[in-house]
Amino acid sequence: MKHITCIEDLRQVHMRKVPKAFFDYVDRGSYAEETLRANREDLQHIKFRQRILVDISSRDLSTTIIGEKANLPLILAPVGSTGMQFGDGEIHACRAAQAAGIPYTLSTMSINSIEDVAENVEKPFWFQLYVMKDRGFCKALIERAMAARCSALVLTVDLQVIGQRHMDIKNGLSVPPQLLNLKNVLDIATKPAWVRGILGAKRRNFGNIAGHLPGAQDLASVSGWVASQFDASLNWKDVDWIRSIWPGKLIIKGILDVEDAEEAVKTGAQALVVSNHGGRQLDGAPSSIEVLPEIADAVGSQIEVLFDGGIRSGQDVMRALALGAKSCMIGRAYIHGLGAFGGPGVAKAIDLIANELSVTMGLCGVNKISEIDDHVLAV
């Protein structure tokens with residue numbers, strides 16, 4: 001990997017090594033992908049204020065995230081079907097995050113189950129929850145996360161209805177799945193290393209749902225059940241219900257509006273995540289970075305504000321911190337590393353971002369994460 005210099009390099013290898021249907025599942029967004037593009041473009045428009053002749057010899061990227069020590073202000077975000085990018089992908093990603101000293105978040109829609117990951121890593125991780133219509137299933141998931149000693153519950157609140165992702169439909173990732181069409185079979189046949197990895201993995205279905213449904217090993221039936229379970233009636237009272245079960249730290253992910261951020265504060269959650277689901281839900285919504293400053297200004301003194309949406313570099317992390325975020329989540333960035341090289345690829349993605357952040361801090365005359373604010377930005 002010595003010639004890998006940036007996340008885009010990992011993305012290019014990921015695209016070559018993983019079948020198109022699964023690569024596009026991660027890489028693409030909903031509808032016309034306006035919000036997906038805005039997440040990147042709006043970050044890139046933010047410019048830094050270069051400073052010179054400042055002693056930057058003691059740069060320190062360490063911080064705390066919801067009271068947990070972290071080696072840098074970064075979190076691996078929940079990504080569904082991670083184990084279809086690389087066999088046992090969730091386990092590999094969690095190990096890489098823990099080796100780097102940052103949190104990892106396991107998705108409800110993971111391939112490896114909560115228990116699979118807990119049995120194969122050394123430390124607690126975060127668990128992300130989708131609230132399904134089947135509240136018994138949700139309660140059981142929370143209890144399983146508790147049993148696995150998960151240190152935070154990330155409640156995703158922007159998926160009551162699912163935004164259409166055109167490429168998923170075209171690639172056969174529909175309900176029911178149509179993956180075994182001729183185009184996909186031919187594509188998969190050109191990826192023998194990926195096939196070997198997936199066949200040798202613990203699971204090839206949604207591990208957290210296995211055992212809950214009769215015939216859960218059948219992908220078509222599981223996908224149909226999941227699609228029917230997203231709950232349009234979900235509301236703030238359900239957060240109270242979740243808090244009555246979950247005794248630990250709560251993070252609410254999917255906030256784009258100040259009024260919603262103020263409601264999140266009232267729940268007693270430890271943090272919120274400014275996020276538009278990676279441009280995969282409401283197309284035409286603002287970029288995450290566009291709304292971050294007003295949300296941070298409104299509630300940043302009352303709740304920890306995390307950021308998600310378009311991070312591909314340490315410079316992007318610096319931009320989000322300067323505009324009020326306490327730390328940042330990455331999804332696609334580390335999945336590109338995973339798809340390209342497995343666990344070492346995830347470690348490489350984290351290392352690239354950490355090194356870029358350190359250099360950017362230095363060139364802006366900053367030594368500590370706590371010193372980063374809007375003064376590092378050009379007017």
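A charge is said to sit over a ring when NZ of Lys or CZ of Arg is within 6 Å of the ring centre and within 35 degrees of the ring normal. With that in mind, and remembering that this is a predicted model, select R135 and W241, where the charged end of R135 sits over the ring of W241, 6.0 Å from its centre.

Leaving aside residues up to four places away in sequence, D238 touches R135 and S233. Is D238 buried or exposed? D238 counts as buried because its relative accessibility is 13%, and the cut-off for buried is under 20%.

Next, turn to the aromatic rings, of which the whole structure holds three pairs. One of them joins Y130 and F230 edge-to-face, with 5.7 Å centre to centre and 80° between the planes. Y130 is in the loop between β5 and α6, while F230 is in the loop between α10 and α11, so select both loops to see a pair whose members are 100 residues apart. Both Y130 and F230 are buried.

Finally, select helix α15 (residues 332-341) and helix α16 (residues 343-363), whose axes come within 6 Å and cross at roughly 145°. The crossing is right-handed. Among the residues that meet there are Y334, L338 and F341 in α15 and P344, V346 and I353 in α16. The residues of this contact comprise eight nonpolar, three polar and no charged.

Conventions: Residues numbered from 1 in each chain as written. Predicted model: local features only at pLDDT ≥ 70, side-chain atom pairs only at ≥ 80, totals over all residues. Heavy atoms only, no water. Buried < 20%, exposed > 50% of the residue type's maximum accessible area, 1.4 Å probe, protein only. Contact = heavy atoms within 4.5 Å. Axes fitted to C-alpha atoms, helices over the stretch in contact; angles between N-to-C directions. Helix = DSSP H or I, 4+ residues; strand = E, 2+ residues; numbered from the N terminus. Left-handed = near helix turned anticlockwise from the far one by under 90°. Nonpolar A, V, L, I, M, F, W, Y, C, P; charged D, E, K, R; others polar. Phe/Tyr/Trp six-rings, centres within 6.5 Å; stacked < 30°, edge-to-face > 60°.
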